[in-house]
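User: I'd like to go through this structure with you and learn how to read its features. Could you take me through them one at a time?

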Amino acid sequence: MKKNIIFPFDDLLVKGAIFSIYGDMGPEAVFFYPFPNDSSFSFPVMENHIASNFEQRNFMQIAVKSISLLLVDYSFEDEKNLHLEDVNIFGVLPYPDINCIALTYFTYFFSEVRKRFIPVSLSLLVHENKRSFVYDSINRLRKPTKEFTKYLIDLCKNNNIYSELEGQEYWEAVLTKFIDFFGAIQKIQNQPISPITKKRRIKILFTGLESTGKTSFILTVKRKFSGLPTILPSTEPISEPLNFLGTTIMKWDIPGQKDLREAILENSEIYLFESDVIYYFIDVMNPRINESLEFLNKVMEKIHEYDSKIPIIFIITKVDEDVASTVEVKDAIAEIKEAHLKIVGDHPYKFFNTSIFSIYSVLNAFSYGLRNLSPNREMIEHLLWGFLAKNEFITGLLVNENGLVLAAQQVNVKGPEQILDAKQIFEIAAPQFAILAKQFKDFDEKTSDSIRYQFSEKNIVILKRFSVEDFTFFYIFYTKKPDSIKNLEKNFPEFLDRIRNLLLLYIR
Ligand SMILES: Nc1nc2c(ncn2[C@@H]2O[C@H](COP(=O)(O)OP(=O)(O)OP(=O)(O)O)[C@@H](O)[C@H]2O)c(=O)[nH]1
Ligand SMILES: [Mg+2]
């Protein structure tokens, strides 16, 4: 049916919004805007809100994909310890058939009528080549997206709407709300934080006073241990690319000596502007707190000029194993945290203690910053958590071939049983990454191989290698139940299928 095709938000980058729920017949698109051009339903004002390029089946596909992807097997059971009402996940899913990606919000509501949790999703469609809008605006889109979803959920709850059909008589009210929502998105689009670039580049900064271990940290990430003994104080900012899942990340190592670190402040438009993460270093053996605070303060002042909420990752270095548990070091860490916390304001932050003698401590701290740049981090973590719970694993780590930790999850274990921590598990498996990554260059995407380490009857670590496009990844699973290995072999392929798309859109 051919109609007057008018979509009043012509220059909006979000081309459609689809609200889906898992109703009685499975996932279904219940409310959506604009209407698909072959809509089977019509009400008077609808003609002005039709999109020429979407069909009903596209919205159906979005409902199925966005909901089934994140469902974990326990989803429908009202188990006390699952806290499904706290699941609030954002991520980016690909829809190549319609050349779009969708910023996707996934959550649940509890239906008193159905006596179960109902999964719902809201998908915002954006053309593939405008994806950077989503990546750049994801944090600002969260609030209106959540609020609008909340409105739709309440509407469904209060009126027992569990299908598109049951929703039809509410369209008049819903349509106005959709238009308000699109208006809110338009506002966000009209005030870009940074120019919308086609290709996303990422910039990360390593800064802090001199001799706090910045260059050593970077060498450890690169696992260039041979460079460590001969390391000299840095004399100029060094920028170096790091390829992270197809995205180029520029890392800047800023020298810390007084006159040299002034350069970063004077040339803040080069170093600080458009930085995505700052790693700020403090030496636990020689914290020089006042001097460090003074410098950090100046850095923050510059950042505020650019009005960005850049995350600060504090790296407290030289917390070597032999001193880590001494009172002096513990006190120093507490004091460093307290002092530096006062100036982070409302920037997201996190503290890590590291030592170049524990590769995991360095890789984990470094990965944390990168992980937080991924719009799909929450989705991957949720899937990993669901997989662990379903198969009775305790810990799961997703690691790339360079040992960067893309996701780390642990399920609660009851009882006083001694369990290995993530660091121990990582260090058991890590020596294999490099060997395995090279060993079978030509293995195909469908297969994965595993190595099993069993220390004792009840401590088993499984390393699984798989690849997505040109990238090699490892999953490391830890369990105390030998039987769960059989589950792993059976359920892993399906899990891998779900996670593959999310990995491809990890940062890009
Ligand atoms: N024990 C111990 N020593 C460390 C650690 N990390 C760095 N160091 C030592 O600290 C000294 C300074 O390290 P660098 O990496 O050069 O420090 P930097 O922050 O790059 O210093 P500038 O380039 O001057 O800003 C070196 O002698 C390192 O060997 C650590 O985790 N443990
Ligand atoms: Mg240096």
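**Reading the ligand shell and the helices**

Analyst: Let's start at the ligand: the shell around ligand 1 divides into five nonpolar, 10 polar and four charged residues. Here Ala, Val, Leu, Ile, Met, Phe, Trp, Tyr, Cys and Pro count as nonpolar, Asp, Glu, Lys and Arg as charged, and the others, Gly among them, as polar. This is a predicted model, where local features need pLDDT of at least 70, side-chain atom pairs count only at pLDDT 80 or more, and totals for chains, interfaces and linings use all residues. Residues are numbered from 1 along each chain as its sequence is written, while chains are lettered from A and ligands numbered from 1 in the order in which they are written.

User: How many residues surround ligand 1, and which are the closest?

Analyst: A residue is near a molecule if its C-beta atom, placed from the backbone, lies within 6 Å of it. Ligand 1 has 19 residues around it, and Gly-213, Thr-215, Ser-216, Ser-234 and Gly-256 are the closest. Helix H5 gives the most to this shell, with three residues.

User: Why is H5 called largely enclosed?

Analyst: Start with burial: a residue is buried if 20 or more other C-beta atoms lie within 10 Å of its own, exposed if 12 or fewer, and partly exposed in between, with C-beta atoms placed from the backbone. Six of the eight residues of H5 (residues 214-221) are buried, so the rest of the structure largely encloses this helix. Those six are Lys-214, Thr-215, Ser-216, Phe-217, Ile-218 and Thr-220. They pack against strands E6, E8, E9 and E10 and helix H11; contact means C-beta atoms, placed from the backbone, within 7 Å. Helices (H or I, at least four residues) and strands (E, at least two) are DSSP runs, numbered from the N terminus.

User: Where does H15 bend?

Analyst: A bend is the angle between axes fitted to the seven residues ending at a residue and the seven starting there. H15 bends by about 45° at Asn-491, and Pro-493 follows within four residues. Buried residues in H15 are Leu-488, Ile-499, Leu-502 and Leu-503, and their cover includes strand E3, helix H12 and strands E15 and E16.

User: What does Tyr-279 touch?

Analyst: Leaving out residues up to four places away in sequence, Tyr-279 touches Ile-204, Leu-205, Phe-206, Ile-313, Ile-315 and Gly-369.

User: And what share of the protein is buried?

Analyst: Of its 508 residues, 38% count as buried.

Note on methods:
Contact = placed C-beta atoms within 7 Å.
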